[in-house]
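Please open the structure in your viewer and keep a selection panel at hand. The stops below say what to select next and what is found there.

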Amino acid sequence: MGIMDFIKGELLEVIEWTDDSRDTLSWRFPDEDKAIKNGAQLIVRESQVAQFVYLGEFGDTFGPGKHTLVTDNIPVLTKIKSWPFGFNSPFKADVYYVTTRLFTGNKWGTANPVMLRDDDFGMVRVRAFGTYDFKVVDTKTFLREVAGSDHNFRLDEFSDTMRSRIVSVFTDAIASAKVPVLDVASRYGELGDALLPLINPAVQSKYGIEIASFIVENVSVPPEVETAIDKRSSMAAIGNLNEFVKYQMGKGFESGGGTGAAGTAAELAVGFGLAQQMMKDGFAGHAAPTIGVPPIPGPLPTAAGAAPAGAAAALPELLSPADAAQALGVSEADVMAVLESGDLKGKKIGSAWRISRAALTAYMSA
């Protein structure tokens, strides 16, 4: 081998990259200390960009096509090297190929809950995850901020690098948009489209990429906030609380009471009705008639000095000891004595006695 053959073998004549992968973002041409020949051919395929770097500085950028590397075609590199006699000798430079096609289905998510200010819940912790599609739009910024001087920068490295950055941008964007948490959980598709104009300016200027689509698949809140949302939904489903209680009362009466929700509601409603009636009577039993209760047939037997029979006929269905004493014309202590002896049948509720009209009639007739 002659000296000229050796020199020719040390010069690069064709520079190209045939990408046989689907996950490579940038690739540095392996020059192996070979110099690039004047007039060498640079081939850049569709969805590729070639970037020259000389002594740590960015040189010329080439898009798709076949390029002959001469002085007129690489003005930036010529200016950096400052060849005094033009570009007539071989030169050394790194050539980076960057893939500009769309990379789809990349996952993002919050490793820890992020704090947001919400109009409904105040400060709330939110977790979120989804997918996004992106492509490189600024080769120099991407190489400088993301890929660096990596010989073969792949998608898995990018995912690890960008996951936290995307989450940070998402957090800032959703905070700026001031979207309520309840709306976030119900409008995932609209949310992604709405956040794109807020996310893209940040990622383009910082990382040289553009997010083509940003998809929010899920936004979750802590369990206690979910419980509060469920309670609010339940109250909204009930609607008019008064009508709901009436409906439950009707169901309770229809089923004959019981221990279910309908029976409990009916019992409570009846209890409230009795309490209102006692409040209306002032707890003194002013012989206020109960609506729908028929009078006792015939005169009520009384002791000497008892109240007239007309007053007895107006007795309510349920009496207190004071009511019975007034109807019989005796003292309340006398009524209490016969109640405690068992001669007069009554029901003791707590510390208070209640006597049915039938029991009082039976006692006086005995």
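Contact here means heavy atoms within 4.5 Å. This is a predicted model, in which local features need pLDDT of at least 70 and side-chain atom pairs count only at pLDDT 80 or more, while totals for chains, interfaces and linings use all residues. Residues are numbered from 1 along each chain as its sequence is written, and side-chain values use heavy atoms, with hydrogens and water left out.

Start by selecting helix 3 (residues 139-147) together with helix 4, helices being DSSP runs of H or I with at least four residues and strands runs of E with at least two, numbered from the N terminus. Phe 142, Glu 145 and Val 146 of helix 3 meet Phe 158, Met 162 and Arg 165 of helix 4. The two helices pack at an angle of about 90°, with axes 11 Å apart, where axes are lines fitted to C-alpha atoms, for helices over the stretch in contact, and angles run from 0 to 180 degrees between N-to-C directions. Helix 3 is therefore roughly perpendicular to helix 4, a label for angles of 65 to 115 degrees, whereas under 35 is roughly parallel, over 145 roughly antiparallel and the rest oblique.

On the helix 4 side, the residues in contact include Met 162, Arg 165 and Phe 170, and on the helix 6 side they include Leu 195, Ala 202 and Tyr 207.

Now select Leu 116, Val 126, Ala 128, Phe 170, Ile 174, Val 181, Val 184 and Val 219, which line the largest cavity. On a 1 Å grid over the protein atoms alone, a cavity is a set of points where a 1.4 Å probe fits but cannot get out, a pocket is an open set with protein on both sides within 12 Å along at least five of seven lines, and lining residues have an atom within 4 Å of a point. About 40 Å³ of space lies in this largest cavity, a volume being the space filled by probe spheres set on the points, which are joined across faces, edges and corners. Strand 10 (122-136), helix 4 and helix 5 (181-184) each supply at least two residues of that lining.

Finally, turn to the second largest pocket, of about 180 Å³, whose lining includes Leu 116, Asp 118, Ile 174, Lys 178 and Val 181. Strand 9 gives the most to this lining, with 3 residues.
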